[in-house]
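Please walk me through this structure.

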Amino acid sequence: MKLLVKLGGTLLDAPESRDRLAAQIAAARAGGAEIVVVHGGGKQMTRYLAERGIESRFVNGLRVTTIETVDAVLKVFAGTVNHELVSSLNRAGALAVGLSGIDAFLVEAEQMDPALGAVGRVTRSNPALLNLLTANGYLPVVACVAGDRQGQVYNVNADQMAVACAAAFGARQLVFLTDVAGVLDFDGKVRTTLTAADSRRLIADGVATGGMQAKLNAALAALEGGVEQVRIAPGAVEDVLGRILAGEDIGTRMAAAEVHA
């Protein structure tokens, strides 16, 4: 089974959390799953910039990416965060390979809005490198950085990067491991399943906002792109990935059959 796991940067900030998730991913890989990992690193980026006296500015949840911030994007996302995760995965027994969307035109992007600077909108994803690596026993780990044919570098929302890679790779399941319990309903309770209509209603009524609104939009895009199932689940739960793959209801599940019904 082809699987894409997207890890939020918050889960990767502490070595203990990073190693725990790496062990779960390595175990799933050893069990026969062909896995691609996509990760963020927003918390680490904000800290890196603050330490250098650069204020982080956001518009509609997207980080305004100046020339100085592009340098930080490469150093933090494609550098520190990526390689720390690769090291944890290798220590757990996986043959992890650190990548970004720039490598072999894995993910191409264009400027989303001049007001946001070098923030990219994904235009194309080429799965050839992912297929080559996974078919030969390697575990690709992709940082949320993309480029274009002219050599420009773009900061891409990690959820959008995950969707692009999952759809191109032909992943049957996309798992967003986050720092929340799942998608909450009007009463503040976790919804175990969601349809497309449910998701759009939560957004329209202002229940799902900010990062969760972005997650739901990404999940819908993934399902429309051919991914069979999307899961939004808490990464802190013990053996969360193994339990999800075993069919346990953790977090919120969205399935293509329900979305297209």
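## Pockets, rings and cysteines

The second largest pocket is lined by Leu 12, Asp 13, Pro 15, Arg 18, Gln 44, Arg 47, Tyr 48, Glu 51, Val 76, Thr 80, Val 81 and Glu 84. By type, the lining has 5 nonpolar, 2 polar and 5 charged residues. The volume of this second largest pocket is about 180 Å³. The model is predicted.

Next comes the largest pocket. It holds about 1,100 Å³ of space. Its lining counts 42 residues, and Gly 61, Asn 157, Ala 158, Asp 159 and Ala 214 lie nearest the centre. Among the elements that give two or more residues here are α1 (9-12), α3 (42-51) and β4 (62-63). The largest share comes from α8, with 9 residues. The lining splits into 18 nonpolar, 18 polar and 6 charged residues.

Now the rings. A search of the whole structure gives 0 aromatic pairs. Charges do sit over rings, though. The charged end of Arg 52 is over the ring of Tyr 48, 3.6 Å from the ring centre. Tyr 48 also lines the second largest pocket. Arg 149 lies over the face of Phe 105, 3.8 Å from the ring centre.

Last, the cysteines. The disulfide count is 0. Cys 144 is buried, because its relative accessible area is 2%. Cys 165 also counts as buried, at 0% relative accessibility.

Note on methods:
Residues are numbered from 1 along each chain as its sequence is written. This is a predicted model: local features need pLDDT of at least 70, side-chain atom pairs count only at pLDDT 80 or more; totals for chains, interfaces and linings use all residues. Side-chain values use heavy atoms; hydrogens and water are left out. Rings of Phe, Tyr and Trp (its six-membered ring) pair if their centres lie within 6.5 Å; planes under 30 degrees apart count as stacked, over 60 as edge-to-face and the rest as tilted. A charge sits over a ring if NZ of Lys or CZ of Arg is within 6 Å of the ring centre and within 35 degrees of the ring normal. A disulfide is a pair of cysteine sulfur atoms within 2.5 Å. Buried means under 20% relative accessible area, exposed over 50%, partly exposed in between (1.4 Å probe, protein chains only). On a 1 Å grid over the protein atoms alone, a cavity is a set of points where a 1.4 Å probe fits but cannot get out, and a pocket is an open set with protein on both sides within 12 Å along at least five of seven lines; lining residues have an atom within 4 Å of a point. Grid points are joined across faces, edges and corners, and a volume is the space filled by probe spheres set on the points. Helices (H or I, at least four residues) and strands (E, at least two) are DSSP runs, numbered from the N terminus. Ala, Val, Leu, Ile, Met, Phe, Trp, Tyr, Cys and Pro count as nonpolar, Asp, Glu, Lys and Arg as charged, and the others, Gly among them, as polar.
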